[in-house]
Amino acid sequence: MSGGDKAFEQKLIDIIKSEFPEEKATYYKNYKAGELKMTAENVHKLKHKISILGLEKSYDIAVAFEHNLLEGSTDLNENFESILNTITNYLTTL
């Protein structure tokens, strides 16, 4: 990876680190309030960050969960919560 690529990757990670806590809190607020459409929008934004971090299996779960939310189902929430915790832990090590 070239120096420019590394700098770009670090910039993306810095953006994720600054945005993620608020996005995670918004996700939980909407999910607990039963606002499934809003929660799906939160998951949509978060799945892009999951992709940037290279968590492919987690990305697939996020895609499925977003689809389920739009259909009115909350299946996969436990898996998605686990992904959010994994991201939190990952970002604290950077």
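I'm working from a predicted model. I looked up α2 first: it covers residues 36–52, which is 17 residues. From first C-alpha to last it reaches 24 Å, close to the 24 Å expected at 1.5 Å a residue. After the helix comes Gly54, with a positive phi near 80°.

**Against α3.** Next I took α3, residues 56–70. Its axis comes within 9 Å of the α2 axis, and the two cross at roughly 165°. An angle over 145 degrees counts as roughly antiparallel, so that is how α2 and α3 run. The crossing is left-handed. On the α2 side I find Leu36, Thr39, Ala40, Val43, His44, Lys47, Ile50 and Ser51 in the contact. From α3 come Ser58, Tyr59, Ala62, Val63, Phe65, Glu66, Leu69 and Leu70. I sorted the contact residues into ten nonpolar, four polar and two charged.

**Against α4.** Last I checked α4, residues 77–92. Here the axes lie 12 Å apart and the packing angle is about 50°, which makes α2 oblique to α4. This crossing is left-handed. Val43, Leu46 and Ile50 of α2 meet Phe80, Ile83, Leu84 and Ile87 of α4. The tally for this contact is seven nonpolar, no polar and no charged.

**Cross-check.** Val43 and Ile50 are listed in the contact with α3 and also in the one with α4.

Definitions and conventions: Residues are numbered from 1 along each chain as its sequence is written. This is a predicted model: local features need pLDDT of at least 70, side-chain atom pairs count only at pLDDT 80 or more; totals for chains, interfaces and linings use all residues. Side-chain values use heavy atoms; hydrogens and water are left out. Helices (H or I, at least four residues) and strands (E, at least two) are DSSP runs, numbered from the N terminus. The expected span of a helix is 1.5 Å times one less than its number of residues. Axes are lines fitted to C-alpha atoms, for helices over the stretch in contact, and angles run from 0 to 180 degrees between N-to-C directions. Angles under 35 degrees count as roughly parallel, over 145 as roughly antiparallel, 65 to 115 as roughly perpendicular and the rest as oblique. A crossing is left-handed if the near helix is turned anticlockwise from the far one by less than a right angle, and right-handed if clockwise. Contact means heavy atoms within 4.5 Å. Ala, Val, Leu, Ile, Met, Phe, Trp, Tyr, Cys and Pro count as nonpolar, Asp, Glu, Lys and Arg as charged, and the others, Gly among them, as polar.
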